[in-house]
Amino acid sequence: MAQSISRRNIPLKVIFIAAAAVFAVFLLIPMVMIFSKSIAGDGGVTFAHYADILSRRNFGAAFRNSVLVSAAAGLLTTLLAFVLAYTVNYTNVSKAVKKIIKVLAVVPMFLPTITYGFAIIYSFGKQGLITMLLGGHQLFDIYGVPGLMIGYVIYTLPIAFMLLDNTMQYIDKKFMIVSRAMGDSKLRSFITTVVSPLLGTFAASFIQSFTLSFTDYGIPTSVGGNMDLVANLLYNEMLGSLPNFNTGSAVAITMLLPSIVSIMLLTYLERFNVRYNKISVIDIEKNRTRDVLLGIVSLIIILLMMSIFAVIFVVPFVDQWPYRLVPSFEHVSKILSDPSLMGVFGNSLLTALLTAVFGTVIVFCAAVISAREGLGKRFGRVFDSISLVTNTIPGMVLGVAYLLTFSGTPIQNTFFIIIVCNIIHFFSSPYIMMKNGLEKLNSSWETTAKLMGDSWFKTIIRIIVPNSFITIAEVFGYYFINAMVTVSAVIFIAGARTMVITAKIKELQHFSNFNEIFVLSILILITNLVIKGIMYLFINKKNK
């Protein structure tokens with residue numbers, strides 16, 4: 001029997017070795033390469049490249065600007081996300097309004113961040129849609145801090161909202177009744193029963209928003225203006241008119257610091273999360289003033305966010321923006337009939353689909369090893385550590401690492417390298433989703449299958465996979481959508497033959513071809529909404 005069980009572990013060992021080899025080649029080696037490049041000198045190891053960038057005035061300004069704007073955006077995002085999540089979970093606002101909030105709050109996730117900036121320009125610029133609706137009065141200068149703040153808040157609001165909304169669903173609301181029964185004022189009751197249990201999530205929301213903003217490239221490249229930012233500095237060092245891979249690598253390593261600190265803080269703050277043994281279902285206290293006020297404020301937040309994207313559906317459908325505002329499908333039909341642009345769209349679809357398929361397989365294999373019985377916890381901890389590492393590496397840094405490591409190799413400028421980069425870049429969240437899902441399955445199933453004489457493979461196919469379909473679908477959707485919208489990494493590794501939409505948008509920016517940019521963005525949005533809809537229908541069907 002012991003020999004039989006040992007033989008059953010052979011497939012797990014093979015999977016572990018194969019998965020570990022993938023991360024060794026496509027994560028460990030590139031990160032070692034970028035670090036070694038940052039300390040490589042003519043005479044051996046040197047820190048002159050770090051001294052060079054630290055002595056530059058623009059680097060200090062770029063780092064300071066990135067930190068301050070990202071922190072301000074993180075605070076504002078967390079506040080707005082709290083308002084939306086509180087409206088959904090703690091008010092008697094109609095179910096229709098709550099549904100609108102939950103659906104529209106996450107829509108920005110379906111568009112690349114580089115599109116946000118162009119939408120802001122065409123909304124609030126001197127000839128923007130919102131500016132025109134206000135009689136030609138421009139509200140503010142869109143370049144620099146105002147544009148960056150709007151872009152960062154829109155970018156990170158979906159994540160912050162989902163974090164706070166999820167936590168609020170697991171807060172036991174009966175303590176609100178207990179607090180009021182004990183004579184607490186409304187303010188004290190609010191702080192004790194709502195704010196206090198959310199402190200860890202508030203911090204997580206801020207840190208996630210800060211990190212995403214600090215490491216984003218898409219928004220600064222469109223509305224950053226002349227403001228020095230770390231993301232732009234890294235791009236210019238690596239792909240500028242005078243590229244310097246050594247100092248570029250040093251900039252990339254410094255870009256890791258905020259991410260590492262953020263993950264350490266998140267790990268530490270986990271202990272402050274409040275967990276209830278039982279969640280009581282209660283009727284929310286009636287308060288018409290609160291419901292009307294928060295309902296209106298929440299809808300205004302959603303409306304303002306959506307209004308910025310409205311321009312995407314206007315500019316390509318008029319004859320000549322903003323001089324001849326006659327409805328016209330000429331631009332759209334021309335773009336849709338352009339074989340080069342549709343080829344780029346096809347490249348993105350192929351890349352996203354293969355990323356989702358192979359990413360889901362790798363995530364499932366890693367989660368099976370760490371969450372189910374078989375090889376033991378020490379093997380599972382390997383993938384836990386990999387998940388933590390990939391969560392700290394910004395897309396730009398990973399893209400630079402791949403550029404340095406695989407230039408001149410057979411996989412340079414191939415779809416393979418883009419797909420692998422996406423899988424590694426987005427590994428953390430799907431892995432945690434899959435692991436949590438597998439841990440909830442009855443652990444006795446494998447034991448029963450062993451006693452029945454089933455092979456390990458049969459156990460996985462007949463038992464584990466069917467009972468994990470919902471999580472597998474969620475992981476597939478997560479990989480697909482993120483592969484469609486990612487820009488930070490692919491701009492360094494996409495070639496002319498393997499150009500994807502987000503890299504093409506960056507190229508079109510130089511020629512001010514905004515009709516093409518917005519139509520391609522619409523195609524991304526529609527594609528992601530279709531995939532999200534399919535996953536939603538599939539999950540609902542399985543839940544019935």
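Arginine 324 and aspartate 319 form a salt bridge, with the closest N and O atoms 2.8 Å apart. A salt bridge here is a side-chain nitrogen of Lys or Arg within 4 Å of a carboxyl oxygen of Asp or Glu. Arginine 324 is partly exposed, at 45% relative accessibility. Aspartate 319 is also partly exposed, with a relative accessible area of 25%. The cut-offs are these: buried means under 20% relative accessible area, exposed over 50%, and partly exposed in between (1.4 Å probe, protein chains only).

This is a predicted model: local features need pLDDT of at least 70, side-chain atom pairs count only at pLDDT 80 or more, and totals for chains, interfaces and linings use all residues. Residues are numbered from 1 along each chain as its sequence is written, and side-chain values use heavy atoms, with hydrogens and water left out.

Now the whole chain. It has 26 helices and four strands. Both are DSSP runs numbered from the N terminus: helices are H or I with at least four residues, strands are E with at least two. Of the 544 residues, 53% count as buried. The chain exposes about 25,500 Å², and carbon and sulfur atoms supply 65% of that area. Accessible areas come from the Shrake-Rupley method with a 1.4 Å probe; for residues, only the protein chains shown count as cover. Take the contacts between residues at least 6 apart in sequence: 81% of them join residues at least 24 apart. Contact means heavy atoms within 4.5 Å.

The structure holds seven salt bridges. One of them joins the side chains of arginine 56 and glutamate 237, at 2.6 Å from N to O. This pair links distant parts of the chain, 181 residues apart. Arginine 56 sits in the loop between helix 2 (48-55) and helix 3 (57-90), while glutamate 237 belongs to helix 12 (residues 230-239). Arginine 56 is partly exposed, with a relative accessible area of 24%. Glutamate 237 is buried, at 10%. Asp52 joins Arg56 and Glu237 in a network of salt bridges.

Another salt bridge pairs aspartate 291 with arginine 290, whose closest N and O atoms are 2.9 Å apart. Aspartate 291 counts as buried because its relative accessibility is 13%. Arginine 290 is buried too, at 16%.

Both residues touch threonine 91. Threonine 91 lies in the loop between helix 3 and helix 4 (95-104). Its relative accessibility is 1%, so threonine 91 counts as buried. Its side chain reaches the backbone oxygen of threonine 87 at 2.5 Å.

Next, a surface feature. Val292, Ile296, Ile300 and Leu304 make a nonpolar surface patch of about 350 Å². Patches are made of residues with over 30% relative accessible area and no salt bridge; like charges are joined within 9 Å, and nonpolar side chains (Val, Leu, Ile, Met, Phe, Trp, Tyr) within 5 Å. Isoleucine 296 is found in helix 14 (residues 288-310). At 45% relative accessibility, isoleucine 296 counts as partly exposed. An α-helix has 3.6 residues a turn, so residues three or four places apart point the same way.

Finally, helix 20 (residues 428-439). Its twelve residues reach 16 Å from first C-alpha to last, close to the 16 Å expected at 1.5 Å a residue. That expected span is 1.5 Å times one less than the number of residues. The buried residues of helix 20 are Ser428, Pro430, Tyr431, Met434, Lys435, Gly437 and Leu438.

Definitions and conventions: A polar contact is a pair of N or O atoms within 3.5 Å; within protein, one must be able to donate a hydrogen and the other to accept it, and residues adjacent in sequence count only if both atoms are side-chain atoms.
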